[in-house]
Amino acid sequence: MDDYLIGVLSNIGVISFIALSAYLLLLTGEISFGQQAFFAIGAYAAGIATALWGWPLALALVWGAAIGGAAAVLVGIPTLRLHGLYFAIATLAFAEMVRILFELFRYQITIDGELVGPDGADGFRNIRYIFDNNIDAFQFLLLIYALLAVVLLGFVLLERSRLGVIFRMIGEDETLAGLQGVSIAHHKVLAAGISGALAGIGGGLYAHLTTYVEPRIFDVMLGVHSLAYGLIGGLGTALGPLLGVLIDIGVLESIRALSGYRMIIFGGLVALLLIVRPRGLLDENVVHKIGRFWRRISPWARRPGLNTGNRNNLTGGRP
Amino acid sequence: MRSIICTAAAIAMLALCGLEGAHAQVRAKAGVTCKPGTEKLQYDCIIKLANSKTNEPLSGLTLTVGADMPSMPAAHNVRPVGAAEDQEKGTYKARIVLEMYGDWALRLDLSGPVRDRVVKRLRFERDRVGETTPARAPGRHRH
């Protein structure tokens with residue numbers, strides 16, 4: 001496979017993690033402009049673990065996810081009472097705070113006569129795990145998509161579980177969900193923690209993919225994109241944000257003639273879709289229709305007693 | 001469904017474990033100087049590659065030069081171009097065409113006898129190419 005294609009596919013895979021993390025919060029009705037903070041925390045944590053402490057990649061990624069998740073929980077608790085615009089502003093403020101903290105963060109040690117580690121605004125170079133361990137770009141691509149597959153399967157399970165129904169219930173009407181006996185605070189913090197961990201894994205993979213991170217990578221642009229992927233792709237299924245990433249990085253990337261106008265086209269696409277399809281291309285209605293069609297044509301899907309009405313009831317079938 | 005997830009998780013963990021390998025021996029360092037070319041957003045770069053420990057020039061490598069805009073990760077990047085080796089040992093030449101002016105992280109991918117990646121951050125302007133000047137924290141300016 002062409003190196004460039006591997007690079008683009010790797011980017012799509014890695015950015016999908018942060019898109020899914022923003023999507024999970026969107027399910028609970030919260031708009032976060034701050035997922036890039038957890039992506040950054042995961043990137044720095046995992047990078048430090050392999051480059052400075054000599055940890056294996058698997059452990060470093062778990063560490064990045066854990067730190068990202070823990071940070072998200074710490075942000076989630078004080079912002080529990082905030083909604084809508086106020087929550088969005090709070091998450092954006094937190095993300096900017098994290099970015100500026102990384103501009104101040106210096107932690108370098110000498111390895112083989114070379115200073116390695118985060119050096120404030122100059123960034124964190126030499127996260128060389130894949131080169132030191134002779135991992136080629138294609139192998140790393142497979143790793144990214146293996147982890148993404150696990151996460152997607154987790155989302156499939158979540159969507160079918162009571163927890164997924166509760167998340168959507170909170171997203172639809174928090175007060176009503178509370179009246180049904182759902183612990184809003186508990187579930188919102190849980191969603192924040194999971195989304196932070198997802199962004200953390202993505203950050204860890206990104207740091208090892210590029211071998212270099214710097215605070216500027218994690219500015220508001222990344223947060224806006226991660227949110228926009230879900231809004232473009234759709235909120236009816238976890239495949240929605242992936243579709244959003246595919247449209248942005250895949251389709252627009254391939255049209256090189258658009259070159260520097262890509263961002264304008266992307267912004268216009270978001271604005272257009274928010275008007276004509278406010279819940280994205282793969283919204284709940286489309287997903288329901290696809291599911292119904294699948295059940296009609298697939299012999300495996302015809303299972304007696306399968307309750308297919310929950311999601312439709314929850315969303316009220318609205319677009 | 002749980003068994004599918006467990007299987008997928010196991011495959012991912014195996015993939016991670018399988019990625020442990022032998023350590024590479026040579027690390028590269030690079031000096032990059034670029035100047036504007038004849039066309040808009042076109043730059044001609046001279047790259048000097050050397051062993052970071054011994055300072056010996058690294059020649060006979062396949063070098064590709066790509067570029068990413070740090071402020072827009074994965075959004076603005078330039079398709080990597082091959083660099084041709086010059087007569088001088090360890091010196092390579094590449095012509096890159098960027099999407100816009102500003103700070104770019106040049107990604108030098110080495111393959112062949114030495115496999116490595118070196119990232120150099122440069123500011124590309126209409127008439128010159130220089131070092132980037134990242135916003136520094138208060139009180140930590142370098143002179």
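How exposed is L142(A)? At 47% relative accessibility, this residue counts as partly exposed (buried is under 20% relative accessible area, exposed over 50%, and partly exposed in between, with a 1.4 Å probe and protein chains only). Welcome to a short tour of a predicted model, in which local features need pLDDT of at least 70, side-chain atom pairs count only at pLDDT 80 or more, and totals for chains, interfaces and linings use all residues. Residues are numbered from 1 along each chain as its sequence is written, chains are lettered from A and ligands numbered from 1 in the order in which they are written, and side-chain values use heavy atoms, with hydrogens and water left out.

**Surface patch**
- L142(A) sits in helix α6 of chain A (helices are DSSP runs of H or I with at least four residues, strands are runs of E with at least two, and both are numbered from the N terminus).
- Together with M1(A), L5(A) and F138(A), L142(A) makes a nonpolar surface patch of about 390 Å².
- Patch residues have over 30% relative accessible area and no salt bridge; like charges are joined within 9 Å, and nonpolar side chains (Val, Leu, Ile, Met, Phe, Trp, Tyr) within 5 Å.
- Accessible areas come from the Shrake-Rupley method with a 1.4 Å probe, and for residues only the protein chains shown count as cover.

**Second largest pocket**
- This pocket holds about 870 Å³ of space (a pocket is an open set of points on a 1 Å grid over the protein atoms alone, with protein on both sides within 12 Å along at least five of seven lines, and lining residues have an atom within 4 Å of a point).
- Its lining has 40 residues, and D3(A), G7(A), R107(B), D109(B) and R117(B) lie nearest the centre.
- Elements giving two or more residues to this lining include α1 (3–27) and α6 (137–160) of chain A, as well as β6 (102–111) and β7 (116–124) of chain B.
- With seven residues, α1(A) gives the most.
- The lining divides into 22 nonpolar, eight polar and ten charged residues (Ala, Val, Leu, Ile, Met, Phe, Trp, Tyr, Cys and Pro count as nonpolar, Asp, Glu, Lys and Arg as charged, and the others, Gly among them, as polar).

**Cavities**
- There are two cavities of 30 Å³ or more (in a cavity a 1.4 Å probe fits but cannot get out; points are joined across faces, edges and corners, and a volume is the space filled by probe spheres set on them).
- The largest cavity has about 180 Å³ of space, and of its 19 lining residues L25(A), G76(A), T79(A), F87(A) and A192(A) are closest to the centre.
- α9(A) supplies the largest share of that lining, four residues.
- Nine nonpolar, eight polar and two charged residues make up the lining of the largest cavity.

**Salt bridges**
- The count over all chains is 25 (a side-chain nitrogen of Lys or Arg within 4 Å of a carboxyl oxygen of Asp or Glu).
- K188(A) and E174(A) pair at 2.8 Å, N to O; K188(A) is in helix α9 and E174(A) in helix α8 of chain A, so the bridge ties together parts 14 residues apart in sequence.
- K188(A) is buried at 8% relative accessible area, while E174(A) is partly exposed at 25%.
- R107(B) bridges to D109(B), with the closest N and O atoms 3.7 Å apart; R107(B) is buried at 16% relative accessibility, and D109(B) is buried at 18%.
- Shared partners join D122(A), E214(A), R216(A), D103(B), R121(B) and R123(B) into one salt-bridge network.
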